[in-house]
Amino acid sequence: MKVKKKSSVPADSVKEQQKKQKGKGKMKMKIPEVKQEKQQPEEVDSDSVYDSGAEDERSLSNHEDMSGGEGSDSEDYPSIRDTDSEDEESGSSENEQGELNTSRNDGLAIDHGNEEDSDSSGLHEAVEESDSSEDEVAPRNTIGAVPLEWYRDEKHIGYDLTGKKIKKKEREDKLQSFLASADDSKNWRKFLDEYNDEEVEVTKEDMKTINRLLEGKAPHGDFDPYAPYVDWFKWDDSKHPLSNAPEPKRRFIPSKSESKLVKRLVLAIRKGLIKPRKDEEEEEESVYPLWGDDSNSTEKDGSHLSYIPAPKPKLPGYEESFNPPPEFIPTQEEIDAYQLMYEEDRPKFIPKRFTSMRSIPAYENAIKECFERCLDLYLCPRVRKKRINIDPESLKPKLPSRKDLKPYPVKCYLEYRGHKDTVTSVSTEVSGQWIASGSLDGTVRIWEVETGRCLKLWEIGEAVTYVAWNPNPEYSVLAVSVGQDVLILNTGFGNEEVQKKTKELLSAETPTTSDDTATFVSWIQDETHEGTRLRHFKTVSSVEWHRRGDYFSTVVPAGQSKSIFMHRLSQKSTQTFSIKLGGLAVTSVFHPVRSHIFISTKKTIRQYDLVKGKQIRKLDTGLKEISSIAVHPSGDHVIVGSREGKFCWFDMDLSTKKPYLIRQWHKKDINNVSIHRLYPLFATCSDDCTVQVSHGMVYSDLNQNPLIVPLEILRGHASSDGRGVMDCKFHPRQPWLFTAGADSVIRLYCD
């Protein structure tokens, strides 16, 4: 709270005080020297009585000159308002010592006996001169605008109205203050006044005032913002004017101050500092062209969420002309055909020819189309499609370079010729030295891989559908599927020990089997080919060996529930796999690690546990017809080929029934799929006379998906009777690929 300062101190009061001081024995007053440690700002609050600044030093120096350098022993000096109050009480008007130059801060308290009275009178005068409202309470601390940091090292924070020090209160422990605040329900209305070092509590009336201010209302609840207006200068019975004085002259003379103001405004407008307001345009009627172009519409403002122009109708062409070309005019047959169409497919306008503009009648559907157009504009849902500018190259998957994925088969290295008809199947020996092939000409041949020579030939007499070499290197056994029979042949390759074990295996006596199994499969000793013959009750489509070489499975598609048979060569026994497949069986493959088997129908693939004899998983391919399947050496991934040119990749770790990846790399049927045992390669062969070689890397990290990259398309086989490449098999140790084609040629592709 600031007090109005006076310009000077009356000289009469100063002279009277000096006169009284001489009468008491000429008491001298000693004024201590004030060290100016820090320069204070020019404006100092008058309430800070004891915190004096540079002006106090000047007042002290003037008084020291006036009093002759002597003073009292007192160290506390009252402020200007104390001197003013004493001057008013004294009322003296004598002037004995001449004129004195006094400033607004001159004047010192000499009479110490009346010090307290002067302080109280000064305070009352300050309160009376204050223009603050009645609700404000005088602050306890009177240091004014002095920062509290100046009292950081002191034991007090300022002075009260009587000049006494306000000592700092002891701070409570944070834990104690927290516990006290938790128990006090009114703690949320209390806050610490650091200026006065007091804890202030906001009353309910104050809270109501704050809420009214936040709501934009008057702080006092009794205030009526809509009070009736009272006109104090008009009343019904008025007879006399308020003033009968004549009009002053200044009302008829132009004002000079206003002319100067107008000149300044004109100059500012010319310089561009002030931009005059534009006249508000007249409001136009809310009428807009219904069929006009909305691209230049003035309704594009920010008041709406988004502006979407109305859909444009189709512009008229040659058909809507009154004299269209003759090719646009339909014949009577075409007009009759239009009547047989659905109303949605029927053309809405049939062009006609008129000789002149006068002969054109009124359009019969004009009102109807106008009404439908209005409905479209009113009811048509409009959606703004946001187009994102994306580089098409960034959408392509980042695939590794083909050079980094080598080796893989690229070109044809060798051809094996000798068959006279379509080669249906090929199979590689475990060591990779020989391959076996079967053809529709009824022969089975053994070829040497490196030279391409035919080392052995069997004349079967029937079309060979499938050949499979035993994966066990201790036996040199070849399984051949011919019609309803499966021949187990001794190839005659290998050392003496291998041949000895093979002959002992094939010459074992056939044990007696149960009547149920004998009706479906019978073991017969084949002396013609020096092997064993398994005769099934219907045609056999495929033969698959177990990894140990003792068990093999045969698939009879027409057998329905008796379509899968498990055979053991060492004991020459057969076991039926009676299951409900829900369709015709296509092929079967053993799990490379576990005692499981995968059986595929035309739509689905089922995985069975051979030990427990129950189904583990069912895979839905979503394909029209499955042609072949292949299992990854890890056993966690399955590749499926279809008759529609698509292949599927199943990831068993995902625990899903749907394929992880589906691709169509062939235009015709896929006849077979094959996976390499050592290299991350797999291939698909099709009737379009191509073989697609791809890179398929499988990671041990379950969070990382398999990497599938197409590498090379192998060509070279010729088509015969609509058939292309019938079979493909990888070399067991090298990145080589053997393909069998309908052109009776076997090809070897190398890197």
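**Close-up views of a predicted model**

View 1. L273 is found in the loop that runs between α7 (256-271) and α8 (332-340). The structure shown here and in the views below is a predicted model. L273 counts as exposed because its relative accessible area is 68%, above the 50% cut-off. Together with L261, L265, I269 and I274, L273 forms a nonpolar patch on the surface.

**View 2. An open antiparallel sheet.** The sheet is built from 4 strands, arranged in the order β19-β20-β21-β22. Their pairing is antiparallel, and the sheet is open. At its edges lie β19 (585-590) and β22 (614-620), each of which pairs on one side only. On average, neighbouring strands of this sheet are turned by 20° against each other, direction ignored.

**View 3. The pairing of β20 with β21.** Strands of a sheet pair through backbone hydrogen bonds, in either a parallel or an antiparallel manner. Strand β20 (residues 596-601) and strand β21 (residues 604-609) run antiparallel and are joined by 5 bridges. Within this pairing, I597 stands opposite Y608 of β21.

**View 4. The aromatic pair of W545 and F552.** The structure contains 11 aromatic pairs. One of them, formed by W545 and F552, is tilted, with 5.0 Å from centre to centre and 50° between the planes. Both W545 and F552 are buried.

**View 5. An aromatic cluster.** Four side chains are the subject of this view: F647, W649, W665 and F682 form one aromatic cluster.

Definitions and conventions: Residues numbered from 1 in each chain as written. Predicted model: local features only at pLDDT ≥ 70, side-chain atom pairs only at ≥ 80, totals over all residues. Heavy atoms only, no water. Phe/Tyr/Trp six-rings, centres within 6.5 Å; stacked < 30°, edge-to-face > 60°. Buried < 20%, exposed > 50% of the residue type's maximum accessible area, 1.4 Å probe, protein only. Pairing = 2+ DSSP bridges. Helix = DSSP H or I, 4+ residues; strand = E, 2+ residues; numbered from the N terminus. Axes fitted to C-alpha atoms, helices over the stretch in contact; angles between N-to-C directions. Patch = residues over 30% accessible without salt bridge, like charges linked within 9 Å, V, L, I, M, F, W, Y side chains within 5 Å. Areas by Shrake-Rupley, 256 points an atom, 1.4 Å probe, with all protein chains shown as cover. Salt bridge = Lys/Arg side-chain N within 4 Å of Asp/Glu carboxyl O.
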